[in-house]
Amino acid sequence: MVKTFNGGIHPPYNKELTKNKPIKEAVLPSKVILPMGMHVGAPCEPLVKVGDMVKKGQKIGDSKAFVSVPVHASISGKVIAVEPRLWPGGGLMMSVVIESDGKDEAYEDINPPKPLDKLTPEEIKSIIREAGMAGLGGAGFPTHVKLAVPPEKNIDTIIVNAAECEPYITADHRLLLEHPEDVVLGLKAIMKAVNVNKGIIAIEDNKIDALDGINRAIAGSEGIQVIILATKYPQGGEKQLIQAVTDREVPSGGLPMDVGVIVNNAGTCAAIAKVLKTGMPLIERITTVTGSGINEPSNLLIRIGTPLIDIIEQCGGFKGTPGKVLMGGPMMGLAQSTLDVPAIKGTSGILVLEKSDVKLFEPSTCINCARCVDACPINLLPTRLAKFSEKGRWKDAEDYHAMDCIECGCCAYVCPAHIPLTQHIRIAKNTITALRKKNKK
């Protein structure tokens with residue numbers, strides 16, 4: 001029996017555009033733009049200046065803050081700018097711009113670490129941090145911070161999130177098909193880093209074709225199993241995944257480690273494996289480039305920092321007139337106003353929708369149908385939270401657990417009145433966060 005969670009929706013998944021497309025290595029970019037804050041937490045300070053020559057894998061940004069990870073050059077070449085640049089999250093971010101010298105030379109100090117069985121847990125965590133590892137599922141949370149378990153927390157399970165529930169995106173699906181051994185090696189490294197003997201790889205039942213490879217990769221490995229999940233959005237949400245796999249509920253305002261679990265994305269696990277095999281830090285990732293507005297939908301292994309326009313051109317350019325370009329999928333992706341922004345560590349997908357496929361709706365009055373309540377995977381009252389947000393009743397929104405919203409978009413998707421519920425709740429969350437900081441000061 002497949003497992004799942006309460007709530008959720010079944011949008012058109014549209015994965016057939018790329019699910020059978022093998023991963024293809026992208027062309028080396030002529031330049032990269034590397035924002036110093038591609039992760040949750042403190043942004044890095046640049047370690048290079050204009051005119052410096054750098055090599056692939058060289059550290060070019062770092063921070064002394066614990067919740068942060070360094071940034072590395074993804075190509076070799078010359079630093080041509082260190083300045084604020086537009087980035088996919090909106091606004092400006094201090095960035096290092098590197099012009100390729102065409103050589104793609106690796107930094108001399110990069111060497112593979114000791115074999116995993118010779119590494120201590122602290123050494124594994126240090127390697128992960130120094131490699132600039134942040135969650136590749138999109139959230140961008142520094143991986144070493146997840147693995148820094150307080151003494152009072154009893155972690156007994158590591159879950160690999162291979163659900164990939166976001167429509168259109170197939171990067172993790174192809175990874176499971178083509179490199180399941182890397183996902184398993186990364187899982188083993190995480191298990192050793194936090195001294196846990198139970199690992200679970202969780203995949204949705206629309207990816208059953210990946211099962212044979214995963215089972216071969218875990219053969220002979222004690223404590224690792226695969227669990228099949230129902231295909232439903234947002235099955236890949238951390239709390240929803242934990243509920244489905246372990247039947248444990250993360251408390252309001254809590255973290256997965258509060259119920260003895262750590263969750264890491266499949267792509268993150270594979271990236272950790274590459275660091276263990278080669279010593280090369282996180283400078284590339286698999287990205288699905290897809291949608292009705294792309295001539296050749298593809299799964300590309302891209303260098304982090306590659307401008308979106310370069311990636312789109314490698315996929316045959318636009319098909320028809322583009323109506324919207326999203327970084328990520330249609331449910332949680334961020335609409336982009338320019339294609340000069342770079343792909344970052346969390347860029348799992350680039351979705352281009354043709355103009356005729358972009359529908360604009362005029363919101364009307366709520367009819368109290370409660371479809372948003374039924375769909376909410378967190379069991380919130382979206383319509384009430386949205387009303388509090390509209391009226392500036394921030395304390396009421398906070399009391400009704402607005403901060404627990406994962407912004408999955410289920411409520412807005414099912415709303416027959418086309419009310420932008422998720423956007424209203426996001427405004428409330430941002431305002432509550434700002435007020436908390438102000439009160440703390």
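Contact here means heavy atoms within 4.5 Å, and the views below all come from a predicted model.

**View 1. Helix α4 crossing helix α7.** Two packed helices are described by the angle between their axes and the distance between the axes. Here α4 spans residues 180-193 and α7 spans residues 266-278; their axes come within 7 Å and cross at roughly 85 degrees. Angles of 65 to 115 degrees count as roughly perpendicular, so that is the label α4 gets relative to α7.

**View 2. Who touches whom between α4 and α7.** On the α4 side, look for Glu 181, Asp 182, Val 183, Leu 185, Gly 186, Leu 187, Ala 189 and Ile 190. They meet Ala 266, Cys 269, Ala 270, Ile 272, Ala 273, Leu 276 and Lys 277 of α7. Sorted by class, this contact has 11 nonpolar residues, plus one polar and three charged.

**View 3. Domain 1 next to domain 2.** Six residues from domain 1 and seven residues from domain 2 take part in the contact.

**View 4. Zooming in on the area buried between the domains.** The size of an interface is often given as the accessible area lost when the parts come together. For domain 1 and domain 2 that comes to about 530 Å², with 52% of it on carbon and sulfur atoms. On the domain 1 side, Tyr 233, Gln 240 and Ser 252 lose the most area to domain 2, together making up 62% of what that side buries. As for salt bridges between domain 1 and domain 2, the count is zero.

Key. Residues numbered from 1 in each chain as written. Predicted model: local features only at pLDDT ≥ 70, side-chain atom pairs only at ≥ 80, totals over all residues. Heavy atoms only, no water. Axes fitted to C-alpha atoms, helices over the stretch in contact; angles between N-to-C directions. Helix = DSSP H or I, 4+ residues; strand = E, 2+ residues; numbered from the N terminus. Parallel < 35°, antiparallel > 145°, perpendicular 65-115°, else oblique. Nonpolar A, V, L, I, M, F, W, Y, C, P; charged D, E, K, R; others polar. Buried area = accessible area lost by both parts, 1.4 Å probe. Salt bridge = Lys/Arg side-chain N within 4 Å of Asp/Glu carboxyl O.
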